[in-house]
Amino acid sequence: MYQYVLFDLDGTLTDPKIGICTSVQYALKDVGIEVENLDLLEPFIGPPLKDSFMKYYHMSAEEADQAIAKYRERFSTIGLYENTMYPGIDRLLKKLKESGIILAIASSKPTVFVEKILKHFELYTYFSVVVGKEL
């Protein structure tokens, strides 16, 4: 039997599409780029934001940093709560924890946001370790 289980947040415990894609849309609009179809912004889910802004919208590093600041303006207050928890995740985590398995979560999302999302969905107490990146 396993002693430890490591999870990712986005796409594993929750579906972050609306929060992430709408926040990317908000950041792009600030620089005059209109993207109506959120499906086109799905490639932003997972990889570091800076890389995605530079790759998909050919921004310089400085422009990408400004886009990230705008993204976080919306994401930090609204977007992080626009996740949807996948059905049964809470029951799975509870069973794993009750069986003595140590649960950890690692994410490319900043730790402060990971913690807020886990607390919002009442999942935080299941994890012994929560690691994300720095803002």
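In what sense do β4 and β5 pair, and over how many bridges? They pair in the parallel sense, over 4 bridges. The model behind this answer is a predicted one.

**The sheet**

β4 and β5 belong to an open sheet of 3 strands. The order is β1-β4-β5, and the pairing is parallel. β1 (4-7) and β5 (129-133) stand at the edges. Each has a single partner strand, so one side of each is left without a neighbour in the sheet. From one strand to the next, the twist averages 15°.

**The largest pocket**

Rolling a probe the size of a water molecule over the atoms shows where empty space is left. In this model, the largest pocket has a volume of about 220 Å³. Its lining counts 20 residues. Closest to the centre are P47, L49, S108, K109 and P110.

Which elements give two or more residues to this lining? They are α2 (49-57), α3 (61-75) and β4 (102-110). So β4, a strand of the sheet, also takes part in lining the pocket. The largest share, 4 residues, comes from α3.

| Class | Residues in the lining |
|---|---|
| Nonpolar | 12 residues |
| Polar | 2 residues |

**Putting it together**

The sheet runs β1-β4-β5, with β1 and β5 at its edges. The largest pocket, about 220 Å³ in volume, draws lining residues from α2, α3 and β4.

Conventions: Residues numbered from 1 in each chain as written. Predicted model: local features only at pLDDT ≥ 70, side-chain atom pairs only at ≥ 80, totals over all residues. Heavy atoms only, no water. 1 Å grid on protein atoms, 1.4 Å probe; cavity = no way out; pocket = protein on both sides within 12 Å on 5 of 7 lines; lining within 4 Å. Points joined across faces, edges and corners; volume = space filled by probe spheres on them. Nonpolar A, V, L, I, M, F, W, Y, C, P; charged D, E, K, R; others polar. Pairing = 2+ DSSP bridges. Axes fitted to C-alpha atoms, helices over the stretch in contact; angles between N-to-C directions.
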